[in-house]
Amino acid sequence: MEKDPYAYTPVSGWETYNTPEHAEAMESLARRYLEFLSECKTERETVAYVQRRLRDAGYTEEHNGGAVVRPFRGKALFAARRGTLPLTRGLHLISAHADSPRLDFKQRPLIEQPGVAQAKTHYYGGIRKYQWLARPLALHGVIVRRNGERVSVILGEDPAEPVFTIADLLPHLAQKQNTQTVTDAFEAEKLNVILGHRPADKGAEDKDAPKDAVKKHVLELLGRKYDITEEDLVSAELQAVPAGPARRVGLDAALLGGYGQDDRICVFTALEALLSADAPQHTVGVIFWDKEEIGSDGATGASSRFFQYCVEDCIAAWQPEARFSEVMLATRALSADVQAALDPDWQDVHEKQNAAQLGYGACFSKFTGSRGKYGASEADAEYVGWLRGVLNARNIPWQMAECGRVDLGGGGTVALFLAAYGMSVIDLGPAVLSMHSPFELSSAVDLYATVEAYKAFMESC
Ligand code: MN
Ligand code: MN
C-alpha cells in the first residue's frame, strides 16, 4: 500500500530494525542490559558501574584529556566529552536518574514479633505496597561504622544465599481486608522484612531463653559477618529490593523484565550512547541523578547545584572566557526518563492516540506534570521540530505521548530543573509497563532504538 503523504502514524521499531545485523546488535545490547540491571539495584551500585565503564574508556577526573567524569558522593555522576565546537555553542546533555522505588530500612530497624525478627521499613518513592509482599527480597546498601569505615552489603542475590520476604495475610482471614480500599488495606508499618526465625542459644548457665532471642541471633549473625553492632545500623542505608536477576519475558524473549528500569534503562542507554557516539561537534554530557523518585531535593538530586559546579569546571578548563549563562542558554538537553506504556489490561486509563506503545521506539513527552500541565516545563515546538528532524534523518523510530488520561493523574521528571537554566529540554525515553513495580517490563527493540536516538542527538549539530 502506498504511504499517505499527509497522514502520520508512528512506525514500529520491529519493522524498522527487521534485518539480521540489527537483530544481532539488539541481542547483544539486551544481554548486556540485563546483566547491568541484575547487578545495579541501588543508585550507589549504578553510579559505581557507570564510573567503572567510563574509567575503562579513558575518562578521568581531570579536564586535560577532554573526557571527564565527576562522581558525587557515590550517588550522582556527571561526565562529558569535549567537542570540537566551543562550549559557548552549548552542550548536548542527557540526564537520567539512578534511584528507583524500594523499601528503605528505618534507622532503628530491628524488632522481634512472635516467631520472627524483622526490619521495619520506610518506603522510598511511589510504590503499590501490595506488590512487595510474599516475594523474595534482597538487601543492598552500606553500613558506616562510627570511625567512617564503610561496609558494603549485598545479601540474597547469590542463589546459595537465603533471601528475605514480607509475609502477606492469608485469604482465609482476609474477609475484612477484602472490603477495604487499597489505601486502607496496606499499611506502611506492616512492611516489615523477615530477617530470621531461630533464637540465639541459651548461655550454659541460663535457665531461660534471652529476651528477644531471635533478634539477638540476627544481631550476632550480622556482627560476625560484618563486624557491626545494632548502633551501626543508625548510620546505614539498607534497601530491600526484589531478589534475583532480570529476565527475558515471552516466548519470543522480546520483552525485558526486571526491577529498577525506571530509570536505569535511561542511565544504561545514555551511557551506551556516550561511549559509542562518533567524535561529537558539541561537547556532550550525561548527568545521572539520585532522589528523583522523592522530588529531586537533596545534594545529589536534580535541584542541587552539582551540575552547575561541573559545567563551571569544564568552562574553566576548556574555555575560560565563556560565561556560564551563555553556555546554558545554548545547551540542548534530553530529560531521559521512562514513559508509561499503554497497558493492555488497563487501556481505559490511557488516551490511546497519545499513549506510548511498547515497540515504537523512544517516546518524546513534550510536557509532564499533571491535570492542566501543572509542574511541567513544556518543550517548545521549535525544539520538538529540530529533534524529530534529527531522528528522521537516520530513520530512527520514535513516538510522542503523554502519561495517561488528563483527569487521572500524571507525574514529573527532572526536565524542569534543567529548563530553569534556560536550556532547551524535552523528555525522551522508552515506554515501560508495570512502572514502579518489582518487575517492570520494557521492549528489546525500544532499548535498541533509544540508544540510537541518544547517539543521534549527541552527534547532531
Ligand atoms: Mn523516572
Ligand atoms: Mn519513577
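This is a predicted model: local features need pLDDT of at least 70, side-chain atom pairs count only at pLDDT 80 or more; totals for chains, interfaces and linings use all residues.
1. A helix's expected span is taken here as 1.5 Å times one less than its number of residues.

2. Helix H10 runs over residues 381-393, and its 13 residues should span 18 Å at 1.5 Å a residue. The C-alpha atoms at its ends are 18 Å apart, so expectation and model agree.

3. Now for the faces of this helix. Tyr383, Val384, Leu387, Val390 and Leu391 of H10 are buried. They cover an arc of only 125° around the axis, and therefore sit on the same side of H10. An α-helix has 3.6 residues a turn, so residues three or four places apart point the same way. Ala381, Glu382 and Ala393, on the other side of H10, are exposed.

4. What covers the buried residues of H10? Strands E13 (332-335), E15 (362-365), E17 (398-400) and E19 (424-429) are included in the cover, as is helix H12 (444-459). Just after H10, Asn395 has a positive phi of about 55°.

5. Asp262 belongs to helix H7 (residues 261-276), while His436 is in the loop between strand E20 (431-432) and strand E21 (440-443), so the pair ties together parts 174 residues apart in sequence. Both Asp262 and His436 are buried.

Definitions and conventions: Residues are numbered from 1 along each chain as its sequence is written. Chains are lettered from A and ligands numbered from 1 in the order in which they are written. Side-chain values use heavy atoms; hydrogens and water are left out. Helices (H or I, at least four residues) and strands (E, at least two) are DSSP runs, numbered from the N terminus. Buried means under 20% relative accessible area, exposed over 50%, partly exposed in between (1.4 Å probe, protein chains only). The arc is that of the directions from the helix axis to the C-beta atoms. Contact means heavy atoms within 4.5 Å.
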